[in-house]
Amino acid sequence: MSAGQGATHRRTIVLTGASSGIGVIAAEQLAALGNDVAVVGRNPERTRAVAERVGATPFLADFERLDDVRALAAALLDRYETIDVLANNAGGLNHERLLTADGHERTIQNNHLAPFLLTHLLRPRLEATAADGRDVRIVNTASLANRFGRLRLDDLDWERRPWRGGWPAYGTAKLATILFTVELAERLTGTGVTAYSFHPGTIATNFGRTSPLIRFGALVTRGTYGIPVAEGAAPLVRLAAETPVLAPSGTYFDKLAANGATTTQAKDAQLGRDLWAVTQTLVGADAPV
């Protein structure tokens, strides 16, 4: 039932990476549509400011600490009896190779391991919400950078390959996002929960601010490179809003267009299953998701 048909419930949307970039715009627009938005961010001041401005609830978590992800899930489950949308939007590019508190390379943890764990922990609540006949979705922010990713399950932490400013690791992490989404959609069959991933476009934000290449691009274009942030947020808002998604669960969108271009590995179903098994072990998920 859509809001226009007199729905009696208020949808709950958990939005990570909501304190900057497209996450801020998405939080604003989704809250304006009448949704109860859980604004999840790492920076306390920005996260609380966004939540206060849009009339949402702030939640703090640093995805470079998996214990923070577990605490976040516990707080969300305590706060919300139902969850209609989980939008895994947090992530980013890192110019330097550094390890997280959990001992993983931070690009793969921020973009893949932490969202996987959060999804694992919230999945029972999402499925229970869908069992009430509600349209429940998981939306994952990916990137066209997947096309230069190369996934090696024996080197997720990028110990055996050249770092090259973090771009190959970032592309590989976003390839993992797409594979995760496809496998998740398969595992969610029959539950009423659907899953999608998308590329927001090349956006004029602070994304990749530690990368000399990004800083150079901003300098030579005087900050005018990339599409406006609101345009980059459009597919996130579209996939998280109540409007039906006219594409199968597991679809990867390039902005608003379904079936965006991906690298060959993104179509490897067995690789997706193997990545799932490895990730489950790495994040300490004690049951299949």
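You are looking at a predicted model, where local features need pLDDT of at least 70, side-chain atom pairs count only at pLDDT 80 or more, and totals for chains, interfaces and linings use all residues. Residues are numbered from 1 along each chain as its sequence is written, and side-chain values use heavy atoms, leaving out hydrogens and water. Helices (H or I, at least four residues) and strands (E, at least two) are DSSP runs numbered from the N terminus.

Zoom in on Leu-122: α4 kinks there by about 50 degrees, shortly before Pro-124. The bend is the angle between axes fitted to the seven residues ending at a residue and the seven starting there.

Next, pick Phe-63, Leu-72, Leu-76, Leu-118, Leu-122 and Ile-138, which touch the most other members of the 47-residue largest nonpolar core. Such a core is a set of buried Ala, Val, Leu, Ile, Met, Phe, Trp, Tyr and Cys residues joined through side-chain atoms within 4.5 Å. Nine of its residues, the largest share, come from α4.

Now show the strands. The open, mixed sheet runs β3-β2-β1-β4-β5-β6-β7-β8, pairing meaning at least two DSSP bridges between two strands. β3 (57-60) and β8 (257-258) each have a single partner strand, so one side of each lacks a neighbour in the sheet.

Finish on β6 and β7 (residues 252-254), parallel over three bridges. Here Phe-198 has Phe-253 in β7 as its bridge partner.

Notes:
Buried means under 20% relative accessible area, exposed over 50%, partly exposed in between (1.4 Å probe, protein chains only).
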